[in-house]
Every structure is written in C-alpha cells, then in structure tokens.
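Here are a few friendly notes to read alongside the model. They begin with the whole chain and then turn to one strand and its partners.

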Amino acid sequence: METTRKSIRKQSLEKLYNLLSASRKVYAPVIAPDKQVEYKYNPDFAEVTFEHIRSTLSVKNVVFPKVENLFFYSNAKTESTITDIDLNKIPEIVLWGTHPCDNAAFDILRSIFSWDINDEFFSKRFEKLVVIGLSCHLSDEYCFCTSVGLTPNSAKGSDILLSRLQNGDYQAEILTEKGNGIVTLSPELFEPISGEEVTVTEVKQKFNHEQVTVKLASAFENRFWIENSLRCIGCGACAYVCPTCACFDIQDETKGKNGKRYRSWDSCGFGLFTLHTSGHNPRQVQSQRWRQRIMHKFSYMPERNESLGCVGCGRCSSGCPVDMNIAEQLEALQNI
Amino acid sequence: MSDFEPKVVAFVCNWCTYAGADLTGTSRIKYASNVRIIRFPCTGRIDFMLLLKAFANGADGIIVSGCHPNDCHYTSGNFHAKRRWIMFKELMDFMGIDMNRITFSWVSAAEGAKWADVVNTTVTRIRELGPYVSYKELVNKSVEEEVKNE
Amino acid sequence: MSDNIYKPYLMEIENIVEETPDVRTFRLKFKNSDDAEKFSFKAGQFGEYSVFGEGESTFCVASSPTRKGYIECTFRKAGRVTNALANLEMGDTVGFRGPYGNTFPIEQWEGKNLLYIAGGIALPPMRCVIWNTIDLRDKYKDITIIYGARSVSDLVYKQELKEWEERPDIRLITTVDPGGQTPEWKGETGFVPMVLEKLAPSSENTVAILCGPPVMIKFTMPVLKKLGFQDKDIYTTLENRMKCGFGKCGRCNVGKVFVCKDGPVFSYEQILLLPEEF
Amino acid sequence: MNSLITRAKELLENKSVQVVIGYEAGPTSVARPAFITDPAKAGTLIYDERCVQNLAVYLTKPEVKHLGKMAIVATLPVMRSIMMLISEQQIFADSIVVLGISADGSLLDIADVKVMQGYIEKSDLGNPEKYKELLAELNKLSPEERFAFWQKELSKCIKCYACRQACPMCYCTRCTVEVNQPQWIPVQSNTHGNMEWHILRAMHLAGRCISCGECGRACPVGIPCHLLTMHLVDQVHNYFNVYAGTSEKMSSVLSTFEPNDKESFII
C-alpha cells in the first residue's frame, strides 16, 4: 500500500494510546526507577517515555519469548500423550514507540524462522504484531544503524512510523494495512501534515557492511579473532539483549508425570553451546565463539538468509561488561 | 485454616537421626504423621538445593537433622553441614525466605523421644504459620510467566 | 499432524536389542497408523528422539528405507537422554521427529563398487545405507564392509555381521584393536587404517563411505588417498550438537553450512571446503 | 600512570612476562581490559576511576594463559582474587607478576605474595562503603518486603550468566547449572528458577567472595546480585572472623570447620 503522511498532536497521541490500551495489549517503553528503559504491557500514558535511546532488552520477546512452550506431555510409559499449544490464543500486540532499528529486526527474525521450514510459533506472533515505531531524535556513541543500511528514521518494519516535529507534535507515516487499521479506529486524530520539519538525530556511519561481508568471507583463519576476543568473558549478555539473535535451546520440564517441552533463549557465546556428549567441542575457545557471532550476522546470514543479522542498535556493546564493541571491531575488520 | 495439614519433609542422616526415628517407633512414642523422612548417608550430603526443591514441590516445613557434633559417622560431616547451614540460614533470611519453617536439629540414635519432640514442635509451629503460601505463589507465578505470552 | 514442527510422532518400542553393554537398538513403530503411512525417509537422514521429561537427542535412522512400517535407532548410553532411553522397556513410548537432513546419493552410486569403512558406534549411521544398497543388490557391483571396534564386545549388530559374513555377495572384514580380541576371535586384529592398507581394495569405479571417530578418519584418509580414491568419491557424515534439526536453533553450523540441513552426509570434497569448526 | 607504563614496558622488554593484563581506553567513555604483549604498546595502559573490571577473571582463561607468563594490574579486589585463586590452587603464586595499584591509584611495589599479603592485611577488607548502605537498607526491611524485593529484581534475570562469567572465583569449566543429571536449576528463566540460581551462586561463593561487586556491575539488566554475596561476606566475618583472599594458605570457609563454631538455631 502507498504510504500516507499525516500529522498527530501530542494530545491526540495520548488519546490514540488510551484507545489502543483499552482494547488490546500495548507494549510500550517506560523508564524504571533504576533508570533502565524497559517495555511494559499497557502502562499509563504518563509513564511512557518518548525520550529513550534504547531499552535495556530488545523487544524481540513479543515474537520470540525468552521461554516458549512447544507442547505439553504426559509421560506414562506405554500411554504417553502430547497436548498441542493453541496458537490461536496468541493475542494481538501493539508495539508502541519502538525505534527503527528494533522494528527492522523483525524481518531478520522472520528470515531465520521461516527459511526452508516455517516456524508457526514465530509466524503466528509476527502476524498478530502491529508496530507503531518512533524515529530517533536521540542517539549515542553506541548507535550504528547507518552502518548496516538503516537510518534513525527508516520505516522498515513499522506499520506506522512516528517522527517528532519541530513544534513537538508528531508526523505519522502510515505504511501498511495494519497501520491503516489503527488509523481507522479514530481517523479524526490524524490531521493533514503541516509542513513542519521532523527532528531526526544523526548517526555517523562507522563501516560499510557490504565491504565487511566481503572481508569476512576470507577472514575465518585470521589472527583478528584471537587478538580481539581476549577480554570476552563468555557470558550471554550480548545475545540476550540483541534484537536479532535467535538461537535457542529446547528442554523438558516435568512435575510428576506431566510436563512441557519449551524453548528458551541461548547464546553462541556460552562454552557449552556446541559441546558434544563425547566431550568434543567444535568451538573450544572464546575466540571461536566470538568469531561465530560476528560471522553469523555479517557473513553467513547475508549469504543464506539474504539479510544482514544486525540492525545497529548497539545494545550488545553498551550491555557488555567488558566493552566488546561490535561496531569498532567491524570497522577494524573492514580494514584488515 | 483448621483443616490444614502441614507437609513436612525431613532430611536426616542415616546413622543418628534415622536410627533415632526408628527408636521412636520401636518405643511406641506417638508423633505427628505429617513428616516424610528422606534418609541421607550424612548431613554433609544434604545439599541446600534439596531444601529449596522441597519448598518448590509443596513442603510447608522442613526438618534437617543429623548426629550431634563429634558423633559423625564420617568424623566431620556434621561440622561441615553446620557451617553450611549457618550460611544458608543467613542467606535465606536476607532474601526473605521464612526460616521459621526449617528446623535444624541434632538427634542421636538414642534420642527417640527427642525426635518425636522435634517433629511435634515443628508441625505445631508450621500449623500456626499456615501453608507456605508466598513460596507456592512464587512457584506458580513463575509457571504463569511462561504462558502469559500466549 | 499439526503445524507444530516441534511435535514428535509417538512411537512404541517394538523390540530392543542389547548390542553391547552400553549400546542398544530400538525398533520403533508408529502409534498412529496414519503417521506410519505418510512417513518416508532416505538413507543417511536423522531424527530427534525424545524421552518425555528428559529431552531430545539426535541420531540417525539406522534401518533401511526399504524396510517399511518401522524405524530403528542405535545409541550409546552417554548423556541425559540416552541414559533415559536405556532405561526404557518394550512397549514404552518415545517421541520421534524427522526425518531431517540430506541423504547418501545412492542413485549416483549405481553400477559402482561400494567400500564401507566404519569404526565403533559409527556403524549405525552407515547401517541404513548398507542395508539399502544390499536390498537393491543388483544395482551395485562389489560391496565390501570393513568394520572395526575397540574390542569384540564393542562390536554392534553381531547378528547382522554374521548374516553379512555368510552372504556370498558381500565381503565383510571385521577387526578389533590389538588387545581387544578374545581367544575365539576369528576376524582381524589391528586398527582400521592398517587393515584397509593390507586389504588394499581397488579405487577403480569405487565409492568409499567412511564413518568413525575423528582419530580413525584422520588415519584412514591418507590410506584411501594412497589407494587412489578421489575426494569426490569418499563420503562421510558429520555430527554436531543440534536442538531443532531444521536450521533454526543455530548450533550445528560449520561455517555457513548447517549440518542439519546441508548434511549430515558430505563428500570429502565438500569437507575440505569447510572451515575447521567440527 | 607513567610508572605503570614504565614497569609494564620493562617487564615485557626483559621478557619477565609475555603479557601484561591491564586497562586501556576504548572508543567510548568506558575503559576496558587490555592484553599488552608488545612493549611498544605499553603506552596504551591506563589506570583511572573508569577501570572497574576485576582482571583476575582472566588469570584462569585458557587463551590468556596460553600467551605465557602474566603480569596483572591489580587493585585490592584483584589482589584478593589472586590470593583466593592461589589458595584454591588455580594459579601458582610465582607465575604471576602483580602490578599493585593502591587506593589512591599509585603503583605499589608488590615483589611477592608475602608483600601482597602484607598490603591486603593492612587494607580495609569489609564490603565497600557504597554497598554497605544498600545492605543496611535491605536488612532494615521486613522479611516479606525483602522477599518481594528479591522477587522483583530476580524476575528481570535473563540467565545470561554475566554475573558468573565476570566473577574470578567462578572458574569451574562446568557450572552446576549446566549439569543436567539431575537438572538442579531450570534452563529457562523464570522468577523461581532465577532465585534458585542466585541462591546457588551466592552459596557457592560464601567465604570466597572478595567484595569486588563485579557480578552486579556486569549484570546487563541491573540486578544487584552482588548484594547477595556481599551479605554473606559480612556473615562469614561475623561468624567465622575471616575475610576471603587474605592469605595464600587459607582454605575455603565452607570446606573447613572449627569444632566450636557458634550458632543458635540448631536444637
């Protein structure tokens, strides 16, 4: 559908929010007492922040929850049974005020979960997701969306994209039918554009991702990985805060006879991620795991999924306890 | 709450308290039937995780009991256990987990009466405290957390 | 079957063979006859076997696709799931998802000699293709099987080894590591590469299928090369830790290659192109 | 910090060590661990208030050990970690050169373990002041309030194990949470399982924690999990009158005992 541009006043935004919040699950960012930015379901509009750079965790959990039940079972030796999950119960979720980097991540996740065979758990959630994005008027030293083919106001992944105007009101780009559906709930809130300029932050480009991908193709054996991952302590923080990391574990949990099989987030940074039962580990040391993380996002995915596995949100770098800065490393890789 | 029957799990060592509990029985001393005894080789083997698992699986109270100091079958298992329990108790207190629900005791193989007393006072105390609702809620809430995304 | 790609078929254990003290073979029958009818697979593919409450474990289907109505799997007691599997009894339920992965290109091998070389617990992944080619015996020329294990008691499929030995149209050489033989042992004694070197089969119009522990592969490859085998005529399978089996969970990749999708069967020519990560 | 650079350079040049573990500035405002192997690059070493990571965590990391003999820039918590690692026989005292940093940021002359022990003994070994207040505040709450506090905090845990990985004392190659026969702690993250994990972590660090606060600082979601181990630091001192990491001969509090250990709750 063709994009239409409207303008929406700050007060109207509150009306729209309350209207949505009254009838469906709205996932919106708030600033917690400890200054961390977290997403909450249906917080009061007064709590919702428009001034955050990035939330601590990404919002991938709306389509890829940190724990997701796959089915229930009853283990009774000869009479074991399986009970399916009713995926039709998945509710519609409206994402409110997510930044363009996070919104672009959904399509990357889709490329992982639907290549070759379709993962219904993901696609049902993705289907029911409406994204009301918010362009960035703030950024910091960790942001690098412009290096991975995005911009602080790219519309990719949004159904409606809000951008702040000079006068404090917002421009609303209505991009999809889903977005249009939101507009029709209360069309009078959306007014013709006023000609005001949008305020968008500037993010400096740090590397050229195409060149990085080319370089990586022959960089597997490079000393770079060992030299630059010495300080990596092998936690899973980068993968867990990442909006596009989709590796998972499958586990069973039983109480008595009954139990469930679930999948939960996992990270290629963990030493035991690839450990065989025999004791053999294809990725024995941290440098190999760090290489896997970068290679996966910037070399394997462009080739196999036709999408880059990174949106430049900078969470992995800002959340890293030992300052493994991915943008810095990619910049260095580009020049090896 | 009158029909509340506390579930109490007792983690006991094989050499003293378990034998002591046997003596309670052979001496025909009556004591509360709310207790489920789990026998261990030594108190030193009673991992604190087992206590947490008991609460997670619905216990309202716990008894941990073994040989008196200096009487350990393995010489020093109970001394190690004592240090561990001190730390565990302090940590639990700090996290707000109710330590009134755990009884630590030394019951020798000759103390059949003491065992009955330990069980009875524990069960009475738990009866007064009521079911361990807050821990059960924590466990149930955690199960709900997983399904809330559905 | 629903759209739930993680939901296994329910299978009943129809038969259990104790191969060695820690290796067992299960014959599994579909509980639901519709599933049985719809199900098909090819030699080399694998599946996820599960014990409910313990989790899933990845191994190949060890029976031949030409034998319908059941599948077989052979596993060694090693981790949580295989230990749980080892405690199951006849009639118990296990879960099975699959088949996943690619297959041995047996159509391409038609009219050629086949040389199977297996070591230890690596015979099961090969048993499927061995039986498949034996069942289509007239399409292939000589079939030679070299199978080695640490000791006589570690040899799996003892019944079938006997059967293969007795067949005139198959050449079977079994060997055990020095020190692993018993007084009654009639086969070879020595490591697989040495036995292969001694046997010196011709590489002319021959495909070699090689499966075994890394150390066996490492020392057998040079012998095969010396015998004149081309990289493209040597096949093997890779094993990596897996959770999903269909390219989503992200742990079995070797470089950009997913063992679960692009493997587990690889020619040595393909293996040489892979980065050192397996 | 010229004396540090000079010393590091000297050590690398005369080949007394192959690598100096220290801090350097990164492209952003935070400092990061650095591994200097080339004397010419010793100039990039820094030490200021941004240098917060506990570098002792690298002493047991295989790839770092692989570089050869190590020198390490060590503040008090790092020195105490080194002491603990020596006492738990994870490293050899004479395989490490300690570039001690005093509380005011100047280079100390730590010739050997004895000197280091002397310095540690002279220092304030309790929990750092900034955490004492938090601990006291929590201790003032009612048990119910504390239970609610920890539930709320631990519900945020995503099980990334940054707390464990950042801790120099968590050097096990296979942690109890990764043991699956039996599965003590659920793999998934939920409040109850997270609480079990943090109890387990704190218990395994009882008498071993040296109050560096790295676990809490490393946590990407801001759980003050260091308060759990620090509370036990207080208790260990209270009951057994020891602080961890004060002597190379010290055995771990929970693997030793005194027959007259005092308690008041065992009947």
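1. Chain C has 8 helices and 15 strands. Please keep in mind that this is a predicted model.

2. On overall dimensions, the C-alpha trace of chain C spans about 50 × 45 × 35 Å along its principal axes.

3. Of the 278 residues in chain C, 49% are buried. Among contacts with a separation of 6 or more, 69% are between residues 24 or more positions apart.

4. Which way do the side chains point? C:Thr206, C:Ala208 and C:Leu210 point one way from E11(C), while C:Val207, C:Ile209 and C:Cys211 point the other way. Both sets are buried.

5. Strand E7 of chain C (residues 113-119) runs parallel to E11(C), and 6 bridges join the two. Within E11(C), C:Cys211 is the residue that stands opposite C:Ala118.

6. E11(C) also pairs with strand E12 of chain C (residues 234-237), again in the parallel sense, over 3 bridges. At this pairing, C:Ala208 has C:Ile234 in E12(C) as its bridge partner.

7. What do E11(C), helix H6 and E12(C) make together? With H6 covering residues 214-226 of chain C, they make a right-handed β-α-β unit.

Notes
Residues are numbered from 1 along each chain as its sequence is written. Chains are lettered from A and ligands numbered from 1 in the order in which they are written. This is a predicted model: local features need pLDDT of at least 70, side-chain atom pairs count only at pLDDT 80 or more; totals for chains, interfaces and linings use all residues. A residue is buried if 20 or more other C-beta atoms lie within 10 Å of its own, exposed if 12 or fewer, and partly exposed in between; C-beta atoms are placed from the backbone. Helices (H or I, at least four residues) and strands (E, at least two) are DSSP runs, numbered from the N terminus. Two strands pair if DSSP finds at least two bridges between them. A crossover is right-handed if, with the strands pointing away from the viewer, the path from the first strand over the helix to the second runs clockwise. Two residues are in contact if their C-beta atoms, placed from the backbone, lie within 7 Å.
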